[in-house]
Amino acid sequence: MKLDLITLLLVVVASYLAFGLLQWRVWLRRPQESAVAFWAASNLACAGGSLMLGLQTVLLPALMIGIGNALLAMGYILMWFGLRRFAKQRVDWLWLALLPLMMALLFSAVPWFADHPAHRVQVSSLLIAGFSLACFFQGRSAQRAEHLDMRRVAMGAQLAMCGALALRVYGVWQGELQAANFVGGGSKLALATLLMLIIGLIWNISVLLMVGERLANRLADAADFDALTGVLNRSGLRHRADRYLSAARQEHARCFVILIDMDRFKSVNDTHGHSTGDRLLQRFAEALRFAVRQGDLVARHGGEEFVCLFSSSSPAAGLEAAERIREACASTFVDTGGQRIGRTASIGVSDVQADEKNIDAALDRADEAMYRAKQAGGNRVEAALSPVSVDLRTATAP
């Protein structure tokens, strides 16, 4: 069956228009998702550009050629801008101002372009392929910071678009494009247009699902984080601990569980009120986050009790990390009524043994070690790594 390029072009225009209006509606309902507005504008610009290029032999050819190609360029720039905005990166509006204008002038006023449709199609295809590659690399970079399955699909669509555009350029090079009519052409151009239509559908569906995937992840994360301190809660620690332990073992590192309990915290609530106690817990959690490395897990295990999950290839690293945490806790204060209120911490440390599939047993050992530290007066680290207790009492509680 022979593919009709004019029919395909009309379907492409309708597809761009439908997705543009749909994404615009999504953005109106969720205006904080500004990336969707960029993608909506991208689709509408591509719809307008494709329609003008299809009508170039019917109405004002020079104008249709210039504006149509400018709108197509604008559409792919906006597509790239949307990915950047989705990744919380700035966009450079100069691209949107200069490149479409330059294309409009070149394609309508310069004879080498204006009088040769093949030259225009080849150059515009290469330009679009360039922005498709920019979208791919933008997505790959953002994926390192935030893994989204649908972003992988969107990146694959952009690579596939480059392949379809290469087929389009090859068809033009083979002489399939009729000199006087953009929508005329042979089987390679028609197949390339069909592929671009399918890829465009996959792209638009994937970016909409990508927005939904991020929202679902955020909702899941919200359930895993403590509302007061901002660190993981008990269930959040459970959800992430197995993955953390697996990653540590792949790197041949030991995993340490550090259990921290604030000394005499109840007296803060009883003497200064729960609001002061809450502020101290918030400062305490912040001190813990700064005392460990990025990527280590910090969780509020309940009340004034916190857990850190720490990995290292050094057997002594768990004790060193616990000591850093003890010092950070002892230096944490809040000001209230002209007083500086703070508390030290009793800390227990244990390592996860090689035959243990999760952190439960290590957490129990760290809990026992923490109670030994508390019974010994607090402000100290006790280890369940060996029979030796490490007395690190170097400061007094305020």
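Me: How much space lies in the second largest cavity?

Reply: In this predicted model, the second largest cavity holds about 110 Å³ of space.

Me: How many cavities of 30 Å³ or more does the structure hold?

Reply: There are three cavities of 30 Å³ or more.

Me: Back to the second largest cavity: which residues lie nearest its centre?

Reply: Y76, M79, M161, G200 and W203 lie nearest the centre of the second largest cavity, out of 13 residues that line it. Two or more lining residues come from each of α2 (34-54), α3 (61-86), α7 (149-173) and α8 (187-224).

Me: Which element gives the largest share of that lining?

Reply: Helix α8 does, with four residues.

Me: And how does the lining of the second largest cavity divide by class?

Reply: Eight of its residues are nonpolar and five are polar, while no charged residues take part.

Me: Changing topic to the pockets, how much space lies in the largest pocket?

Reply: The largest pocket contains about 250 Å³. Its lining has 13 residues, and those nearest the centre are L232, R289, D296, L297 and V298.

Me: How many residues of the lining of the largest pocket are charged?

Reply: Four are charged, alongside six nonpolar and three polar residues.

Me: What lines the second largest pocket?

Reply: Its lining consists of R240, R243, Y244, A247, A248, E251, L297 and S311. Helix α9 (residues 234-250) supplies the largest share, namely five residues. By class, the lining comprises four nonpolar residues, one polar residue and three charged residues. The space in this second largest pocket amounts to about 180 Å³.

Me: Now the fold. How many helices and strands does the chain have?

Reply: The chain has 13 helices and seven strands.

Me: In what order do the strands of the open sheet run?

Reply: Five strands form the open sheet, in the order β2-β3-β1-β6-β7, with mixed pairing. At the edges stand β2 (297-302) and β7 (380-383), each of which pairs on one side only. On average, neighbouring strands of the sheet are turned by 25° against each other, with direction ignored.

Me: How many bridges join β6 to β7?

Reply: Four bridges join β6 (residues 345-351) to β7, and the two strands run parallel. Within this part of the sheet, S346 stands opposite R380 of β7.

Me: Which strands does helix α11 touch?

Reply: Helix α11 (residues 274-291) packs on the sheet and touches β1 (254-262), β2, β3 (305-312) and β6. The direction of α11 makes about 160° with that of β1.

Me: And where does helix α13 lie?

Reply: Helix α13 (residues 360-375) lies across β1, β2, β3, β6 and β7. Its angle to β6 is about 145°.

Me: One last topic, the overall dimensions. What radius of gyration does the chain have?

Reply: The chain has a radius of gyration of 30 Å, whereas a compact globule of 398 residues would have one near 21 Å.

Me: What box do the C-alpha atoms fill?

Reply: Taken along the principal axes, the C-alpha atoms of the chain fill a box of roughly 90 × 50 × 30 Å.

Terms used: Residues are numbered from 1 along each chain as its sequence is written. This is a predicted model: local features need pLDDT of at least 70, side-chain atom pairs count only at pLDDT 80 or more; totals for chains, interfaces and linings use all residues. Side-chain values use heavy atoms; hydrogens and water are left out. Two strands pair if DSSP finds at least two bridges between them. Axes are lines fitted to C-alpha atoms, for helices over the stretch in contact, and angles run from 0 to 180 degrees between N-to-C directions. Contact means heavy atoms within 4.5 Å. On a 1 Å grid over the protein atoms alone, a cavity is a set of points where a 1.4 Å probe fits but cannot get out, and a pocket is an open set with protein on both sides within 12 Å along at least five of seven lines; lining residues have an atom within 4 Å of a point. Grid points are joined across faces, edges and corners, and a volume is the space filled by probe spheres set on the points. Ala, Val, Leu, Ile, Met, Phe, Trp, Tyr, Cys and Pro count as nonpolar, Asp, Glu, Lys and Arg as charged, and the others, Gly among them, as polar. The radius of gyration is taken over C-alpha atoms; the globule rule is 2.2 Å times the number of residues to the power 0.38.
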